[in-house]
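Please look through the sequence and the model first, and then read the notes below.

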Amino acid sequence: MAIDPRDFYTPKVLDAQLTGMIKTREPNTYSARLRIPMGILTADALEDVAAVARAHGRGEVYLTARMGIEIPGVQTEDFPALREDLAARGVALAGCGPRMRSTTACKGTVCPHGNLDVFELAWRIDQAHNDAAVLPHKFKVGVAGCASSCSKPQTNDVGFVGVSEPELDPGACVNCGICAEACHLAALRMEQGLPAIDPDLCVSCGDCTKACPVQALAPRRTGLDLYAGGRWGREKQVGMRLGAFLSEDEAVGAVGRIKAWYVAEGRTKERLGQTMLRLGPRACQEAALEGVPRGKWVELTAEAEERFRGFR
Ligand code: SF4
Ligand code: SF4
Ligand code: SF4
């Protein structure tokens with residue numbers, strides 16, 4: 001049965017959105033949003049998507065801002081056939097409306113700046129936590145391999161950034177100064193022939209350790225910084241850093257604990273960042289990092305909280 005375009009945002013339309021069909025301006029016409037974690041598709045799957053777009057859409061696709069694919073031009077009466085065709089090809093529809101979205105990732109797995117296997121972590125998070133559950137609002141998770149944050153994890157409800165803290169072995173240093181050239185933030189300067197790092201400027205990107213030709217600079221520790229409460233929309237908020245140097249297991253667990261806290265505490269149509277503003281970021285941090293060693297909890301200063309509250 002066709003949906004009347006005047007029914008925009010009626011329960012019928014919202015039901016369609018919950019199953020991956022996005023209302024468009026054209027009457028009776030939807031975009032089918034596909035579930036594509038990390039934006040990775042095999043060439044064969046890409047051909048399947050093309051075939052579905054020809055058969056059920058108008059033979060074109062949109063690439064979304066979250067590294068996904070939408071097939072526009074699907075008529076409501078074609079929903080069942082489209083779903084059947086996608087299922088037969090092993091392609092899933094994505095979560096829309098108040099649900100978790102596909103996890104995004106930068107290409108840190110192959111990027112020379114990456115501090116971890118970003119694809120693997122994002123996939124683990126998606127497999128562990130991306131279910132059909134209806135939440136207070138949308139819930140996005142993003143992962144980046146280094147402080148450059150190409151996938152903008154700080155604008156997600158939960159974001160992770162791979163970090164690597166440098167440590168110098170002065171005896172191994174050949175005083176070449178390559179590390180200072182590699183540091184984009186001038187956090188590392190050569191002093192009396194040796195690198196000196198300003199901890200207030202260093203963002204633990206790890207570029208200096210990767211550039212050192214003799215491994216005199218090497219990672220003291222690596223891990224993941226955890227951000228929560230980011231969102232982009234009519235109001236904007238940059239996620240607050242709650243944890244530092246988490247292990248991958250701790251990161252996967254933190255997503256589940258934050259999601260559970262959000263389900264318990266969040267109000268309908270409230271994004272995680274708004275729940276954190278209402279109840280205080282510390283409440284979210286305590287839920288997120290339960291069982292994680294205290295040394296990995298970021299001190300939530302009044303200044304950091306003010307920044308989190310102020311940016312909208
Ligand atoms: S965030 Fe870092 S690791 Fe990821 S793509 Fe950008 S530069 Fe590479
Ligand atoms: S880790 Fe990055 S920011 Fe820190 S000193 Fe090295 S290059 Fe500079
Ligand atoms: S790049 Fe390595 S060897 Fe060269 S100055 Fe820096 S720490 Fe020393």
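The protein carries 38 positive and 39 negative charges, whose mean positions are 6 Å apart; Lys and Arg count as positive and Asp and Glu as negative, with His and the chain ends not counted, and each charge is placed at NZ of Lys, CZ of Arg, CG of Asp or CD of Glu. This is a predicted model, in which local features need pLDDT of at least 70 and side-chain atom pairs count only at pLDDT 80 or more, while totals for chains, interfaces and linings use all residues. Residues are numbered from 1 along each chain as its sequence is written, and side-chain values use heavy atoms, with hydrogens and water left out.

**Overall build**
- Along its principal axes, the C-alpha trace of the protein spans about 75 × 45 × 30 Å.
- The protein has ten helices and eleven strands, which are DSSP runs numbered from the N terminus (helices H or I, at least four residues; strands E, at least two).

**Surface and burial**
- Of the protein's 312 residues, 47% count as buried, that is, under 20% relative accessible area with a 1.4 Å probe, protein chains only.

**A four-stranded sheet**
- An open sheet with antiparallel pairing has the strand order β1-β2-β4-β3, where two strands pair if DSSP finds at least two bridges between them.
- Its edge strands, each pairing on one side only, are β1 (21-23) and β3 (62-63).
- Three bridges join β1 to β2 (residues 29-33) in the antiparallel sense, and K23 has Y30 in β2 as its bridge partner.

Conventions:
Chains lettered and ligands numbered in written order. Buried < 20%, exposed > 50% of the residue type's maximum accessible area, 1.4 Å probe, protein only.
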